[in-house]
Amino acid sequence: MFLSPNTCPALVLNADFRPLSYFPLSLWSWQDTLKAVFLDRVNVLSEYDREVRSPSFKMKLPSVISLKEYVPIKSTPAFTRFNVFLRDRFSCQYCGDRLPVNDLTFDHVVPRSKGGRTNWTNIVAACGTCNLHKGSRSVKEAGLHLRRRPDQPTMQQLQAIGRSFPPNYLHESWRDFLYWDTELEYDF
């Protein structure tokens with residue numbers, strides 16, 4: 001079976017062998033990966049069977065790499081739509097329905113028309129139906145109930161939530177590096 005190099009992304013681990021990000025999973029294209037290998041910025045931990053060649057060189061494509069220098073993880077995540085949806089586990093905070101990102105909106109718990117701010121503690125993920133129903137009313141006025149009060153998550157919290165959403169594609173060489181904090185089975 002022929003594998004295109006474009007179907008061979010590399011899982012990128014920090015120098016401590018943890019993924020830079022779980023959701024979205026930290027992946028680099030094969031081109032960026034080879035560039036980092038040649039610049040001696042990464043260690044190759046695992047490879048695909050697929051090779052790339054030039055007239056004077058051939059190399060198996062890396063499937064797992066680790067950075068040689070540790071990149072500190074920010075303690076405070078960026079306030080983005082995606083991170084709000086991730087914090088809220090891609091679920092409407094009013095009805096509880098889990099939806100694809102494209103079907104979610106974000107809602108101001110205290111409407112902007114009533115002085116509500118656009119920040120972590122006033123924005124929640126909402127489905128279109130609940131968001132439209134609530135409109136510019138308060139949660140109580142709309143007869144809705146919040147499933148969880150919005151708060152500002154830490155990067156560690158978002159990473160933990162991200163681990164609960166397995167990626168669509170998971171190469172077998174990545175498995176040992178993605179779930180390193182799960183309890184191992186042992187023989188007695």
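## Domain separation

In this predicted model, the centres of domain 1 and domain 2, taken over C-alpha atoms, lie 35 Å apart. Domain 1 comprises residues 1-72, and domain 2 comprises residues 74-164.

## Interface between the domains

Contact between the two domains involves 6 residues of domain 1 and 7 residues of domain 2. The size of an interface is often expressed as the accessible area that is lost when the parts come together. For domain 1 and domain 2, the buried area is about 530 Å², and carbon and sulfur atoms account for 64% of it.

The side of domain 1 that touches domain 2 consists of 5 nonpolar residues and 1 polar residue, with no charged residues. Across the interface of the two domains, 0 salt bridges are found.

## Confidence of the model

The mean pLDDT of the protein is 90, and 91% of the residues score at least 70. Confidence is highest in strand β6 (residues 123-127), at a mean of 98, and lowest in helix α5 (residues 175-178), at a mean of 83.

Methods:
Residues are numbered from 1 along each chain as its sequence is written. This is a predicted model: local features need pLDDT of at least 70, side-chain atom pairs count only at pLDDT 80 or more; totals for chains, interfaces and linings use all residues. Side-chain values use heavy atoms; hydrogens and water are left out. Domain bounds come from an automatic or database domain assignment. Contact means heavy atoms within 4.5 Å. Buried area is the accessible area (1.4 Å probe) that two parts lose on being put together, summed over both. A salt bridge is a side-chain nitrogen of Lys or Arg within 4 Å of a carboxyl oxygen of Asp or Glu. Ala, Val, Leu, Ile, Met, Phe, Trp, Tyr, Cys and Pro count as nonpolar, Asp, Glu, Lys and Arg as charged, and the others, Gly among them, as polar. pLDDT is the predictor's confidence in each residue, from 0 to 100. Helices (H or I, at least four residues) and strands (E, at least two) are DSSP runs, numbered from the N terminus.
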